[in-house]
Amino acid sequence: STDADLFDTVTAAALTEQHRCVVASAKPLVREQALQHGARGERVLFEVVSTPMLGGDGTVQGVLGVARDITERKAAQEKIRRLSQIYAALSQCNQAIVHSATESELFNQICLDAVRFGGMKMAWIGLVDPATQAVHVAASFGDGAQTYLHDMRVSADPAQPGGRGPTGSAIRLGQAVWCQDFAHDPATAAWRKLGA
């Protein structure tokens, strides 16, 4: 059977190209290939090893392909990478605390470090106005920060629509509130359009 008999058109073309490279170089080739797999069609990441099969005269007679599911291993590696980024950002933020002379300098440096070392797209720090409970941006850094924050309305008051999200909840509870899926969490509905 051919790759086209076993896989979708795009995957088959990628594997066929990999096999052509192996035939041309007569050397093994290892690549990662994402495939839709299983009854539910979940995305699975495979390590595909293509090895030339040599004839008695040393010419390539065919290609042996072996695929190994590396989805879990890659997920574990990604988790370690993300944790390393977070620890690097925390380390930099600790340095900012020690070296910053003013609150403004500290807040700006924290936002910068969260993006540069933490792998975030954007970071911002807000302060609560005690009279109105509105959260005002004190510092920000990153892609789209000015656009996102310009029209954003956040409050610590749960009676306000802008007070029912993660930021307002964190302020009222006095603890971290994690939103793992901004695009689908009901608490972030008021900010989705801006976030997009």
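How many salt bridges does the structure hold? There are 4, where a salt bridge is a side-chain nitrogen of Lys or Arg within 4 Å of a carboxyl oxygen of Asp or Glu. Before you click on any, note that this is a predicted model, in which local features need pLDDT of at least 70 and side-chain atom pairs count only at pLDDT 80 or more, while totals for chains, interfaces and linings use all residues. Residues are numbered from 1 along each chain as its sequence is written, and side-chain values use heavy atoms, with hydrogens and water left out.

**Stop 1: charged pairs**

Some background for this stop: side chains of opposite charge can pair when their charged atoms come close.

Select Glu-17 and Arg-20. Their side chains form a salt bridge, 3.7 Å from N to O. The two sit 3 residues apart in helix α2, so about one helical turn separates them. (Helices here are DSSP runs of H or I with at least four residues, strands are runs of E with at least two, and both are numbered from the N terminus.) Glu-17 is partly exposed at 38% relative accessibility, while Arg-20 is exposed at 55%. The cut-offs: buried is under 20% relative accessible area, exposed is over 50%, and partly exposed is in between, using a 1.4 Å probe and protein chains only.

Next, select Glu-78 and Arg-81. Their closest N and O atoms are 2.5 Å apart, in another salt bridge. These two are also 3 residues apart, this time in helix α3, which again puts about one helical turn between them. Both land in the partly exposed class, Arg-81 at 39% and Glu-78 at 36%.

Now try Glu-47 with Arg-68, a salt bridge at 2.4 Å, N to O. This pair ties together distant parts of the chain: Glu-47 belongs to strand β2 (residues 42-54) and Arg-68 to strand β3, 21 residues apart. Glu-47 is buried at 17%, whereas Arg-68 is partly exposed at 44%.

**Stop 2: Gln-33**

Select Gln-33 in strand β1. Is Gln-33 buried or exposed? Its relative accessibility is 17%, so Gln-33 counts as buried. Show its contacts (heavy atoms within 4.5 Å): leaving out residues up to four places away in sequence, Gln-33 touches Thr-11, Ala-14, Val-44, Leu-45, Phe-46 and Val-48.

**Stop 3: the largest pocket**

On a 1 Å grid over the protein atoms alone, a pocket is an open set of points where a 1.4 Å probe fits, with protein on both sides within 12 Å along at least five of seven lines; lining residues have an atom within 4 Å of a point. The largest pocket has about 1600 Å³ of space, the volume being what probe spheres set on the points fill, with points joined across faces, edges and corners.

The largest share, 6 residues, comes from β4. By class, this lining has 26 nonpolar, 10 polar and 2 charged residues. (Nonpolar covers Ala, Val, Leu, Ile, Met, Phe, Trp, Tyr, Cys and Pro; charged covers Asp, Glu, Lys and Arg; the others, Gly among them, are polar.)

**Stop 4: the second largest pocket**

Here there is about 240 Å³ of space. Of its 13 lining residues, Asp-3, Phe-7, Leu-15, His-19 and Gly-65 are the closest to the centre. Strand β3 provides the largest share of the lining, 3 residues.

**Stop 5: two loop residues**

Most residues other than glycine have a negative phi. Now select Ala-26, in the loop between α2 and β1: it is not a glycine, yet its phi is positive, about 60°. Ala-26 is partly exposed at 35%.

Finish at Gln-133, in the loop between β4 and β5. Gln-133 has a positive phi of about 70°, and at 29% it counts as partly exposed.
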